[in-house]
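Colleague: Could you walk me through this one? I'd like to start with the backbone.

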Amino acid sequence: MSAPTPTRREVIQGGFTLGAALVIPSAPWAKLQETPAFKEEVRGGTLPKIEDRVPEEPAVAELEAIGRPGGDLRILMAGPKDTRMMVVYGYARLVAYTPSLELAPDILKSIDVEGNRVFTLRLRKGHKWSDGYPFTSEDFRYWFEDIAHNRHLAPSGLPITMMPEGEGPLFEALDETTIRYTWKRPNPQFLPNIAGPDPLFIYRPFHYLKQFHEKYADKSNLEALVQRANQRNWAALHNRLDSMYRNDNPDLPSLEPWILKTKPPSDRFIFERNPYYYRIDKEGQQLPYINRVVMSIADSKIIPAKTGAGESDLQGRYLRFDNYTFLKAGEERNHYKVWLWRTGPGSQLALYPNLNVNDEVWQGLVRDLRFRRALSLAVNRHEINEVIYFGLAIGGQNTLLPQSPLYGPQYRSAWASFDVAQANRLLDLIGLTERDGSGTRLLPDGRPMEIIVENSGESTEQTDVLELIRDSWRRIGIKVFAKPLQLTLFRRRVFSGETLMSIDKGIENGLATAGMSPWEFAPTTQQQLEWPKWGQYYETKGAAGEAPSLPPAVRLKELYEGWLAGSSLEDHTQVWNDILQIWADEVFSIGTVAGVLQPIVVNANLRNVPEQGIYNWDPGAYFGIYKPDGFWFEVPETAKSASASSATPR
Amino acid sequence: MLSYLVHRVLIMIPTLIAISMVIFTIINLPQGNYYTTYIAELQQSGEAVDLAKIQFLEDEYGLNRPLWQQYIYWAFGLLRGNMGYSFAYNLPVNKVVGDRLFFTFLVSFTTIIFTYVVAFPIGVYSATHQYSWTDHTLTLLGFLGLATPSFLLALVLLYLANVYFGISIGGLMDPQYIDKPWSVSKALSVLAHLWIPVIVIGTAGTAAMIRRLRANLLDELQKQYVVTARAKGVPPLKLLFKYPLRMALNPFISDIGSLLPHVISGAAIVSVVMSLPTTGPMLLDALRSQDMYLAGSFLMFMAFLTVIGVFVSDLALALLDPRVRLQAGRSQ
């Protein structure tokens with residue numbers, strides 16, 4: 001970025017415009033109106049008036065329709081750990097993605113970025129935690145100095161994403177509402193991480209957590225607390241209570257729209273509206289509109305059935321595309337609508353030839369470009385789409401989706417047409433011309449070419465797709481066997497090189513913009529099924545694994561490092577284009593179909609939920625980027641609100 | 001008799017120790033521990049994992065120590081009534097189990113009563129009217145119950161109950177009553193939900209019981225004492241209940257041993273399908289996620305109940321049937 005003096009309106013992240021879309025600090029809003037649910041408490045004096053609860057400069061939400069407050073939103077989840085989903089759905093972030101996938105300040109009033117190195121964060125004056133304590137730069141300092149740099153709480157120091165090239169930032173709290181992080185090198189990952197569905201929380205409620213911190217708490221008091229909680233030491237207690245993401249501590253103050261009120265364990269969790277929430281609508285009503293979120297825990301297998309019986313007002317998680325017809329059948333009777341949103345992975349399922357497989361003959365083959373291309377050409381994507389996804393998905397490589405600004409059709413179509421003849425020609429060229437009696441090609445050492453595709457056995461979908469691939473690969477003389485394994489075992493075998501090929505989800509973020517990290521396309525972590533050992537090598541800085549030995553993989557790694565060092569939109573776009581081109585040419589993973597539809601069940605009275613959306617983890621946070629705090633019930637069901645008001649104290 | 005009792009009690013101790021070792025070993029047989037499984041799951045769904053925090057927790061709970069040390073830590077905890085810590089729930093195990101035990105008892109006892117009420121009359125009737133068409137029909141029904149996969153029956157009944165009676169799917173009560181204090185409407189809601197699992201779990205057991213009772217009773221009915229009694233003019237019903245039926249009951253008494261743990265664990269699969277707040281699904285989850293203290297302590301509890309149950313059934317059998325008593329005494 002060449003401009004030496006950035007202004008508040010400066011383009012951050014090289015590409016994301018600030019403010020304009022979501023937050024206009026001077027946007028007009030009508031006089032603040034008291035929330036009906038709080039009127040009683042305000043009159044009784046147990047809760048301050050709305051003017052004293054909302055920040056002086058609140059965030060004003062741009063909503064499709066101004067709503068009316070009230071009602072309970074029922075959702076279904078599969079386990080007690082899913083309380084974290086409310087942090088995902090709530091999506092109150094310092095900086096957040098808008099539905100058009102731009103970064104904009106959310107909790108922050110504004111943010112200034114200089115060359116992806118210096119980040120100046122400005123909080124909203126008068127912003128308060130859900131218990132009424134001010135949210136200030138002190139909360140950032142506490143996390144940075146007393147948590148991230150405390151050897152008991154964080155033995156390995158700052159999170160890796162805050163340490164480009166192993167160096168942490170300089171932290172400055174300029175005043176109550178201004179915080180600055182200064183890195184020596186660019187750290188383009190900082191903001192995307194903060195805006196993630198499981199965000200990098202760089203602040204903590206100091207006023208609450210300090211009573212559990214060695215540095216601030218009275219020693220004997222703290223010891224008593226540790227004893228009572230049956231923990232081993234103060235650090236364990238602090239770690240347990242400090243669950244911003246896990247969201248299992250009802251006492252922990254929060255900035256989210258709804259805060260946990262039920263102490264785990266339970267089969268039904270209540271989340272109540274945050275009286276100090278920072279967003280309002282244009283008429284001066286405080287968000288969220290919905291009073292309570294009621295999360296019922298049920299087994300994941302029964303959730304589609306329960307949803308179909310109208311027991312959820314907003315459900316996407318644990319529904320699968322093959323539940324669609326069943327859900328649709330109950331639409332009328334149970335007063336909900338079923339919408340289909342696109343999913344975000346680059347490929348619903350992709351095959352990963354393991355370039356680090358131990359078997360040397362096979363390793364030579366899978367590292368041969370022609371072999372990978374032949375395998376890809378022999379996958380009948382049209383058939384998979386028609387048979388399993390009713391023809392509603394998009395065939396092609398495991399790469400970005402058309403919704404991404406970096407998308408190019410050539411990346412998706414490269415080596416993805418169904419062409420058995422060319423595939424056979426390529427295999428012949430490699431020299432795999434010998435065949436056994438049944439027509440299976442033979443490896444150079446005489447073994448038949450039998451590929452065992454391992455998977456984590458999560459769903460029958462994987463085996464169904466493999467069944468189809470098996471038929472078409474037989475036509476190029478390759479036999480395929482599917483082998484489901486327990487998840488941990490599956491990954492262990494891939495990591496150690498025992499697995500020749502695996503099938504799993506494609507790249508997670510098919511919607512990437514230039515400002516998002518291309519880590520999934522380069523050997524950066526052991527989790528990558530196509531080159532676990534090369535990824536591990538990068539991850540451990542060479543302590544374990546193997547250095548990448550295939551030139552294109554090395555190039556991808558260099559490009560990734562180039563992205564990390566880049567500070568402008570042009571740099572990042574250039575890197576992305578190069579990466580995508582290499583990725584398309586090299587066919588490191590074999591994509592099937594993408595953009596599979598996700599059924600979303602929405603109560604017929606629930607408003608402001610977009611009919612067409614993207615159901616994605618990151619970016620997206622599932623419903624998060626559509627800001628559920630603005631969802632509202634048009635006709636608050638009398639029965640429901642009656643039961644809510646007569647509810648016994650929790 | 002007394003030495004028999006003492007012997008039976010003493011032998012329970014090594015049995016339990018052996019069971020605890022087996023349980024602990026088997027739970028730890030899969031590679032990794034709760035946290036590695038947890039990390040794998042998170043990474044699978046694309047969520048980032050704070051490895052430092054995981055490391056912290058692993059050290060905290062000694063998961064990196066040798067297995068035998070972990071075992072001793074756990075076993076001595078158990079002796080002192082400390083069931084250990086559940087990683088998944090972040091709570092001591094005894095707090096996790098909580099009122100799940102009550103609901104498991106409720107479902108299981110109702111099921112057992114349902115089974116008895118249905119199976120006994122049918123069993124007796126089929127035996128006394130062997131090969132009549134009613135016998136055939138009832139037997140067929142019983143077999144149908146046995147052969148229908150219970151999870152399928154569960155789903156069908158859940159769906160029908162929802163469509164026709166408006167009963168919420170799964171669980172043991174309407175969602176708004178969960179975690180609420182007991183009230184009449186809550187109890188009614190529980191009753192409205194209870195019948196499905198009871199029928200589903202019960203049908204499978206009913207068939208087996210009918211067949212067993214029928215077979216036992218048939219054996220007895222052909223014995224000479226029955227013929228004699230009948231020849232002497234004992235009224236048929238009195239005869240039936242006083243002699244052969246009592247003899248046919250022996251197998252049921254010896255069943256008590258397996259009944260007790262069954263009452264606690266419930267029918268895991270059906271409970272999972274119907275999402276009942278019982279202990280079965282919790283145990284299954286704990287095993288799958290390698291939440292080893294929760295799974296281990298719970299299995300240990302069940303093993304303990306089995307041992308007690310077997311003991312009780314042996315006692316009852318000895319009291320009921322002099323043959324058992326005498327033989328037992330002789331073999332000691």
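**Backbone and contacts**

Modeller: A:Pro619 sits in the loop between strand S24 (614-615) and strand S25 (632-633) of chain A; helices (H or I, at least four residues) and strands (E, at least two) are DSSP runs, numbered from the N terminus. This is a predicted model, where local features need pLDDT of at least 70, side-chain atom pairs count only at pLDDT 80 or more, and totals for chains, interfaces and linings use all residues. Residues are numbered from 1 along each chain as its sequence is written, while chains are lettered from A and ligands numbered from 1 in the order in which they are written.

Colleague: What is the peptide bond from A:Asp618 to A:Pro619, cis or trans?

Modeller: That bond is cis, with omega near -5 degrees. The bond from A:Pro264 to A:Pro265 is also cis, with omega near 0 degrees. Most peptide bonds are trans.

Colleague: New topic. What is phi of B:Tyr131 near?

Modeller: Phi of B:Tyr131 is near 65 degrees, a positive value in a residue other than glycine. B:Tyr131 lies in the loop between helix H6 (100-128) and helix H7 (133-147) of chain B.

Colleague: Is B:Tyr131 buried or exposed?

Modeller: B:Tyr131 is exposed, because 8 other C-beta atoms lie within 10 Å. The cut-offs are 20 or more for buried, 12 or fewer for exposed, and partly exposed in between, with C-beta atoms placed from the backbone.

Colleague: How many residues of chain A are in contact with chain B?

Modeller: 39 residues of chain A are in contact with 43 residues of chain B; contact needs C-beta atoms, placed from the backbone, within 7 Å. The largest share of chain A's side, 5 residues, comes from H17(A).

Notes. Contact = placed C-beta atoms within 7 Å.
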